[in-house]
Amino acid sequence: MKRTLILGATSNPSRYAYLAAQKLRTYGHPILLIGRRKGTALGEEIHLDKPDWKDVDTVTLYINPSHQPEYYDYIISLNPKRVIFNPGTENSEFKSMLAFKNIIPIEGCTLVMLSIGQY
C-alpha cells in the first residue's frame with residue numbers, strides 16, 4: 001500500500017480532495033492530511049503545519065499553483081516517490097524541481113488512477 005499525503009485536504013465531502021481520501025482508504029492506502037483549515041476527514045486530523053512524516057510514497061496535490069511554493073521544500077524533504085498534480089494544480093516550475101530531485105511528477109487524477117488500477 002502507498003502511504004499518501006493529500007495536500008489540500010478538506011472536511012467537505014463534496015470536494016475532490018475528500019473523495020480522493022475516501023477512495024484511497026477504500027483501496028487500502030494509508031492517508032496523511034494537510035489543509036488550509038482545521039478539521040477532520042474520515043476520522044483523520046487535517047494538519048495545518050508540516051509534520052515530519054516518514055515513508056511517504058505519494059503526495060497528491062489539491063491546491064492552486066499559487067499556494068504551492070510554500071510547500072516546495074517540505075514536499076521534497078519528504079522524499080516521496082512521486083507527486084500527482086490533479087487537474088487545476090499543474091505547475092511546470094515545481095515539476096522541474098521534483099524531476100531534478102528524482103521525484104516523479106505526474107499530471108493526472110488520483111480518482112481516475114485508482115479507478116483504472118494505475119495508482
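A strand here is a DSSP run of E with at least two residues, a helix is a run of H or I with at least four, and both are numbered from the N terminus. This is a predicted model, where local features need pLDDT of at least 70, side-chain atom pairs count only at pLDDT 80 or more, and totals for chains, interfaces and linings use all residues. Residues are numbered from 1 along each chain as its sequence is written, and side-chain values use heavy atoms, leaving out hydrogens and water.

Back to our pair. Four bridges join strand 5 (residues 58–61) to strand 6 (residues 82–85) in the parallel sense; two strands count as paired if DSSP finds at least two bridges between them.

Now, which strands form the open sheet, and in what order? There are five, in the order 2-1-5-6-7, with parallel pairing. Strand 2 (31–34) and strand 7 (104–107) each have a single partner strand, so one side of each lacks a neighbour in the sheet. On average, neighbouring strands are turned by 20 degrees against each other, direction ignored.

What about the helices? Helix 1 (residues 16–26) packs on the sheet and touches strand 1 (4–7) and strand 2, where contact means heavy atoms within 4.5 Å. The direction of helix 1 makes about 170 degrees with that of strand 1. For such angles, axes are lines fitted to C-alpha atoms, for helices over the stretch in contact, and the values run from 0 to 180 degrees between N-to-C directions. Helix 3 (residues 92–100) lies across strand 5, strand 6 and strand 7, at about 165 degrees to strand 6.

Let's zoom out. The chain has four helices and seven strands, following the pattern β-α-β-β-β-β-α-β-α-β-α along the sequence. The radius of gyration is 13 Å, close to the 14 Å that the globule rule gives for 119 residues, so the chain is as compact as a globular protein of that length. That radius is taken over C-alpha atoms, and the rule is 2.2 Å times the number of residues to the power 0.38. Along the principal axes, the C-alpha atoms fill a box of roughly 35 × 30 × 25 Å.
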